Amino acid sequence: MMSTIGNILWMLLGGIVVAILYFVAGLVICCTIIGIPFGVQLMKIAGVALLPFGRGVEIMADAGCLSAGFNILWVLFGWWEIAVVHLLWGSR
């Protein structure tokens with residue numbers, strides 16, 4: 001019951017915009033063959049951004065060194081746009 005109320009409030013106060021932005025970013029990144037795995041993950045994040053309450057995030061301990069490399073690329077090239085969107089919508 002509380003997660004339903006939280007999800008409704010979240011969607012009304014900006015969650016829908018954040019989810020749409022993640023989904024559109026995923027579609028854009030899927031335009032290249034190399035970007036398809038990243039685009040699919042962004043679309044999964046869009047689902048979590050739309051209805052975050054009642055969901056969990058699972059950390060994979062055996063992701064390997066490739067995961068660390070892509071995390072570094074993410075910090076260098078992609079995190080600040082997402083941070084600004086969350087900052088703007090979260091401060092309302």
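Of its 23 lining residues, Phe38, Gln41, Ile45, Asn71 and Trp74 are the closest to its centre. The structure is a predicted model, and its protein chain contains four helices and zero strands. Buried residues account for 15% of the 92 residues in the protein chain.

**Lining of the largest pocket**

- Helices H1, H2, H3 (65-77) and H4 (79-90) each contribute at least two residues to the lining of the largest pocket.
- H2 provides the largest share of this lining, namely seven residues.
- By residue class, the lining comprises 15 nonpolar, five polar and three charged residues.

**Overall architecture**

- In sequence order, the protein chain follows the pattern α-α-α-α.
- Taken along the principal axes, the box filled by the C-alpha atoms of the protein chain has dimensions of roughly 40 × 25 × 20 Å.
- When contacts between residues at least 6 apart in sequence are considered, 60% of them join residues at least 24 apart.
- The protein chain has an accessible surface of about 7100 Å², and carbon and sulfur atoms hold 78% of that surface.

**Nonpolar core**

- Six residues form the largest nonpolar core: Val18, Ala19, Tyr22, Leu42, Ala46 and Ala49.
- Helix H1 (2-29) and helix H2 (36-50) are the elements that give two or more residues to this core.
- In soluble globular proteins, nonpolar side chains tend to be buried together.
- With residues up to four places away in sequence left out, Ala19 touches Ala46, Ala49 and Leu50.

**Met43 in helix H2**

- Met43 is located in helix H2.
- The relative accessible area of Met43 is 25%, so this residue is classed as partly exposed; the buried class requires a value under 20%.
- Apart from neighbours within four places in sequence, the contacts of Met43 are Phe23, Gly26, Leu27 and Cys30.
- Met43 and Leu87 are 44 residues apart along the chain, and a distance of 20 Å separates their C-alpha atoms.

**Thr4 in helix H1**

- Thr4 belongs to helix H1.
- Thr4 is partly exposed because its relative accessible area is 44%, a value that falls between the limits of under 20% for buried and over 50% for exposed.
- From Thr4 to Val18, the C-alpha to C-alpha distance is 18 Å, with the two residues 14 apart in sequence.

**Glu58 in the loop between H2 and H3**

- Glu58 is placed in the loop that runs between H2 and H3.
- Glu58 counts as exposed because its relative accessibility is 74%, and the exposed class begins over 50%.
- The C-alpha atoms of Glu58 and Gly14 lie 24 Å apart, and these residues are 44 positions apart along the chain.

Notes:
Residues are numbered from 1 along each chain as its sequence is written. This is a predicted model: local features need pLDDT of at least 70, side-chain atom pairs count only at pLDDT 80 or more; totals for chains, interfaces and linings use all residues. Side-chain values use heavy atoms; hydrogens and water are left out. Buried means under 20% relative accessible area, exposed over 50%, partly exposed in between (1.4 Å probe, protein chains only). Contact means heavy atoms within 4.5 Å. Accessible areas come from the Shrake-Rupley method with a 1.4 Å probe; for residues, only the protein chains shown count as cover. A nonpolar core is a set of buried Ala, Val, Leu, Ile, Met, Phe, Trp, Tyr and Cys residues joined through side-chain atoms within 4.5 Å. On a 1 Å grid over the protein atoms alone, a cavity is a set of points where a 1.4 Å probe fits but cannot get out, and a pocket is an open set with protein on both sides within 12 Å along at least five of seven lines; lining residues have an atom within 4 Å of a point. Ala, Val, Leu, Ile, Met, Phe, Trp, Tyr, Cys and Pro count as nonpolar, Asp, Glu, Lys and Arg as charged, and the others, Gly among them, as polar.
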